[in-house]
Every structure is written in C-alpha cells, then in structure tokens.
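Reader: Could you walk me through how to read a few features of a protein model? I would like the general idea each time, then the case at hand.

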Amino acid sequence: MSGKILVTGARGQLGTDLMNELKKRGMEGIGVDVDEMDITDGEACLRVISQSGAEAVIHCAAYTAVDAAEDNVELCRRINAEGTRNVALACKAAGAKLMYISTDYVFDGQGTRPWEPDDERHPLNVYGQTKYEGELAVEELVEKFFIVRIAWVFGAAGKNFIKTMLRLGQERGAVSVVDDQVGSPTYTYDLARLLVDMIRTDKYGRYHATNEGLCSWYEFAKEIFRQAGMEQVRVTPVGSSEFPAKATRPSNSRMSKEKLTEQGFVRLPAWQDALGRFLKEMSSPEQL
C-alpha cells in the first residue's frame, strides 16, 4: 500500500506517534485535528476525506475524559459515537479503509479471563458506551474496517499515568495507587508501528493491542519509580473504593492478543521494556 493515510486526532498521544511512524517509513500521512476536520460535522468529514484522496483513515480522535463524560453525556456521544459515524460514512463514500481506535472499556470488566476481540460488549460507563456505539457504526457502515482496542495508554504527547506518578512522586514523596484493577499498559510509540503494519493489509476485523504482560496500577507505579531511580517514593496499595470516581472502572482489563499472532502481526514488547524506553524519551522535566 503506497497511498495516503489520514489520521484523525493527529496532535494527540497516539496521533503524534502515528504521524512520526508514517514519515519514518516514507508514507504520506495527512494529519487532521479538530481545526482541520471537526468530526462532529458530517459534511466536513465527507469533504476532507474525499479531497484528501486517502486510501485509509486511522481514527484516533475521541472524547477521553472518562469521569467528565458522566456529566457531559451528549458531548461525549456527539464526538465518540456520532463523530465516528460521520468518519465511517465518509470512508464508505470514498471507498477508504477505516481503522477505529477503541478501548477495553467496551467490556464490563468482570472476572479474570482475558477479553477476546469478539466477546460480547457491556460497557460500564458513558465513555465505554459511546466508544461501543462508535464500534457499531463502523461495523454497520464500512466493509474494510479494523477495530483496535487499547488500554492504559502512554506516550510523549499529552498527559498519562506515568507523567502523573513522576510529578506526584517529586512533589509528595508518597502516592496511593489502586491494586485491584489489572491490565496491560500501551506505549503509543510501539502501537503506532503495529497499526501501520496492520493498515497496509486486508486482515480486517476486531483486535486487541497492548504491550505484553499484566500488572495492577500499583505494580505499574512501583516499576515506574524503580526505573526512574525514585525508589524512595512510598507507594501504598489501596482498593478502588478508596478513590471514588464518577465513572466505574473495570477491574479486569486483561485482553487477549492471540489474534495478532494468528494474523501474522508482531506483538508489542513487554510493558516494562516499553516503560524504560519511554522514560529515556522523556528527557526534559518540562514534559512532565
């Protein structure tokens, strides 16, 4: 595939790394954010995607403020569900492939079995519900689609758990972190490579993509401070009930990546390895 790839949410954590990955491979990436293409405007989506001549769209743009979504249901739905429907309709009209970046939050987060890509979806909160509705729109409207679910995302551009932990560790010297939610972190630098590999194929369908290995948020925090040389920071494990939040969080974010292997894709490295490389990338304190 030598054609153009349009990336929505191009200035976000994942969008930034995707644009860099496309450039690195000598592929033409067209990055759009809300200023260039407001996904809640259906006519704008049709116009921009059609005029771009893109063969494929990687749709990263989303409303991701999970707790705020509980109070801003309509806005969240307008972006995640209706916005994705607009992008899907534009891809259908242009005959372009569509890759939709989704989330583990489409599942109910119960049990301990890793979620399979084709498991039934029962979202726990508004954010998860609207991302689920986005998935349904993609499946209904586009023949050539990928739905890629990710979790616990971190990258150089934007806010994330690692940056928050480092800042709090420096400011307070102690943090309390939940130990009853288990999943796998996802480094956008590694994910971008996989997504570009994937979009160049016709191996359509639903996938899960996170870095390899499991941990709780508490174990993640402990490893962050260990690798950052900040082991003096005291990390206390607590239950989710200690941090009452507007949006219910899944306790089980384990996701099976066997389908990646079955389809011949290279899975992401271990999360500890990804964390180490990310910390090296975070060279200046201004990025915290």
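**Charges, fold and rings**

Author: The mean positions of the 35 positive and 42 negative charges of the protein chain lie 3 Å apart. Lys and Arg count as positive and Asp and Glu as negative, while His and the chain ends are not counted. Each charge is placed at NZ of Lys, CZ of Arg, CG of Asp or CD of Glu.

Reader: What should I know about the model itself?

Author: The model is predicted: local features need pLDDT of at least 70 and side-chain atom pairs count only at pLDDT 80 or more, whereas totals for chains, interfaces and linings use all residues. Residues are numbered from 1 along each chain as its sequence is written, and side-chain values use heavy atoms, with hydrogens and water left out.

Reader: How many helices and strands are in the protein chain?

Author: Helices (H or I, at least four residues) and strands (E, at least two) are DSSP runs, numbered from the N terminus. Here the protein chain has 10 helices and 12 strands. Its radius of gyration is 19 Å, close to the 19 Å from the globule rule for 288 residues, so the chain is as compact as a globular protein of that length. That radius is taken over C-alpha atoms, and the rule is 2.2 Å times the number of residues to the power 0.38.

Reader: Is Asp190 buried or exposed?

Author: Buried means under 20% relative accessible area, exposed over 50%, and partly exposed in between (1.4 Å probe, protein chains only). Asp190, found in helix 7 (residues 188-199), counts as buried because its relative accessibility is 5%. Glu82 in helix 4 (residues 73-94) is partly exposed, at 39%.

Reader: And which residues does Asp190 touch?

Author: Contact means heavy atoms within 4.5 Å. Leaving aside residues up to four places away in sequence, Asp190 touches Asn211, Leu268, Pro269, Ala274 and Arg277.

Reader: How many aromatic pairs does a search of the whole structure find?

Author: Rings of Phe, Tyr and Trp (its six-membered ring) pair if their centres lie within 6.5 Å; planes under 30 degrees apart are stacked, over 60 edge-to-face, and the rest tilted. The search finds 14 pairs. Phe154 and Tyr187 are stacked, because their ring centres are 5.0 Å apart and their planes at 10 degrees. Phe154 is in strand 6 (residues 153-154) and Tyr187 in strand 9 (residues 186-187), 33 residues apart.

Reader: Why is the pair of Tyr187 and Phe278 edge-to-face?

Author: Their planes stand at 80 degrees, with ring centres 5.8 Å apart, so the pair is edge-to-face. Both Tyr187 and Phe278 are buried.
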